[in-house]
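Hi,

Here is the structure I promised to pass on. Have a look at it first, and then read on for what turned up.

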Amino acid sequence: MRFASEFNTLNYIIKESDKILLVPHTRPDGDAVGSVSALKEYLQYLGKTADIACFDPLPDYFKNLIPFEFKYPDRLDLKSYDAIIASDSVERGFDKIKPQLSENQATVLIDHHPDITIHGDVKIINSKSSSACEIIYDYLEFNKVKITKNLATFLMIGLSSDTGNFQHSNTTVRVMEIASNLIRSGASLSKIVNASFADKKISTLKLWGRAFEKAKINPKNNMILTVITQEDIAQCGASIEDIAQVSAILNTVPGANFSLVLSQRDGKTIKGSLRSEEYKGTNVSNIAHQFGGGGHKFASGFEIKGKIVETEKGWKVI
Ligand SMILES: [Mn+2]
């Protein structure tokens with residue numbers, strides 16, 4: 001099995017530790033929340049003390065599903081933990097905690113993002129996994145842990161969140177196998193999907209409305225394209241985070257081979273977000289690379305200098 005030796009090392013670290021700190025990334029999403037919650041549940045079952053440290057609180061819409069508190073790192077005695085496990089997008093947040101640790105504290109990184117450069121004593125990083133929750137499921141399965149209803153719920157939150165509710169191209173056979181095992185163990189997929197959807201604020205929906213209204217399909221390459229200006233964001237009372245899902249939704253339009261969302265980030269920077277799907281045969285990371293960006297084959301991005309200007313005929317980048 002992949003990571004057997006890392007999983008054994010992690011078992012040893014946990015066995016030798018009484019107090020363990022779990023670190024999800026800042027502005028935690030479903031995978032960050034689900035993965036540290038599953039680890040906490042498991043560690044508590046083993047009789048360990050486990051705290052979750054995050055620079056942002058647990059998002060409100062998870063509060064019905066997650067019974068744990070996220071503690072602010074500066075209020076914790078970071079040196080009092082025997083081991084620290086960072087999970088999902090480990091460079092966001094753990095990078096600020098790591099310099100405060102001492103040599104004898106074991107550090108473990110669990111991630112599915114490519115190009116992680118931060119150091120950890122044990123690295124369990126697999127960019128082929130859909131989510132950190134998938135890796136933690138592998139780890140629990142490796143240890144023949146019985147998946148309780150809580151574990152199933154927490155892992156399902158990450159699995160459904162990072163696959164866009166099983167719609168993105170990282171929804172592999174393995175993901176569906178795990179998902180069905182989690183449902184069998186008591187996870188309620190509808191409850192989880194509803195909780196994540198309840199996250200949508202009216203400001204988010206207004207911004208999406210504007211972006212969708214402006215969308216156009218280019219018949220030459222079947223690209224669906226839209227733009228979001230700083231005025232759009234301000235007038236809707238929305239924030240930059242609300243843009244993230246627009247390209248994934250546009251990519252679902254019949255006939256669209258891939259989607260591109262250009263959004264103005266400051267007076268002179270435009271961010272491009274590209275999405276496609278495996279069956280469409282367009283590798284969008286090639287396009288991102290042409291503009292100095294990068295990412296996955298079916299989800300990538302880039303940044304260019306310029307300003308989106310709306311004219312009578314439409315809009316242009318100057
Ligand atoms: Mn993730």
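Let's start at one residue: Thr-311 lies in strand 13. (Helices, H or I with at least four residues, and strands, E with at least two, are DSSP runs numbered from the N terminus.) Before going further, note that this is a predicted model, where local features need pLDDT of at least 70, side-chain atom pairs count only at pLDDT 80 or more, and totals for chains, interfaces and linings use all residues. Residues are numbered from 1 along each chain as its sequence is written.

Is Thr-311 buried or exposed? Thr-311 has 7 C-beta neighbours inside 10 Å, so it counts as exposed. The cut-offs are these: a buried residue has 20 or more other C-beta atoms within 10 Å of its own, an exposed one has 12 or fewer, and a partly exposed one falls in between, with C-beta atoms placed from the backbone. Lys-63 is 248 residues away from Thr-311 in sequence, and their C-alpha atoms are 45 Å apart in space.

Strand 13 (residues 308-311) pairs with strand 14 (residues 314-317) in the antiparallel sense, over four bridges. (Pairing of two strands requires that DSSP finds at least two bridges between them.) A hairpin of two residues links strand 13 to strand 14, and Glu-310 has Trp-315 as its bridge partner.

Now the whole chain. There are eleven helices and 14 strands. The C-alpha trace spans about 65 × 40 × 35 Å along its principal axes. For 318 residues, a compact globule would have a radius of gyration near 20 Å, and the chain's 21 Å agrees with that. (The radius is taken over C-alpha atoms, and the globule rule is 2.2 Å times the number of residues to the power 0.38.) Of the 318 residues, 42% are buried. Among contacts with a separation of 6 or more, 60% are between residues 24 or more positions apart; a contact means that two C-beta atoms, placed from the backbone, lie within 7 Å.

Strand 2 (residues 49-53) is joined to strand 3 by two bridges, and Ile-52 stands opposite Phe-70.

What about strand 4? Five of its five residues are buried: Ala-83, Ile-85 and Ser-87 on one side, Ile-84 and Ala-86 on the other.

Helix 5 (residues 149-162) has 14 residues, 13 of them buried, so the rest of the structure largely encloses it. Gly-164, with a positive phi near 60°, follows helix 5.

Which residues have the most contacts inside the largest nonpolar core? They are Ile-20, Leu-22, Leu-39, Ile-85, Ile-136, Leu-155 and Met-156, in a core of 57 residues. (A nonpolar core is a set of buried Ala, Val, Leu, Ile, Met, Phe, Trp, Tyr and Cys residues joined through C-beta atoms within 7 Å.) Another core, of 25 residues, lies apart from it, and includes Leu-207, Ala-238, Ile-243 and Leu-250.

Finally, there is an open sheet of six strands with mixed pairing, in the order 7-8-9-10-12-11. Its edges are strand 7 (216-218) and strand 11 (294-295), each with a single partner strand, so one side of each is left without a neighbour in the sheet. Strand 7 pairs with strand 8 (residues 223-228) in the antiparallel sense over three bridges, and Ile-217 has Ile-224 as its bridge partner. Helix 8 (residues 202-214) packs on this sheet, touching strand 8 and strand 9 (258-266), and its direction makes about 130° with that of strand 8.

Cheers

Methods
Axes fitted to C-alpha atoms, helices over the stretch in contact; angles between N-to-C directions.
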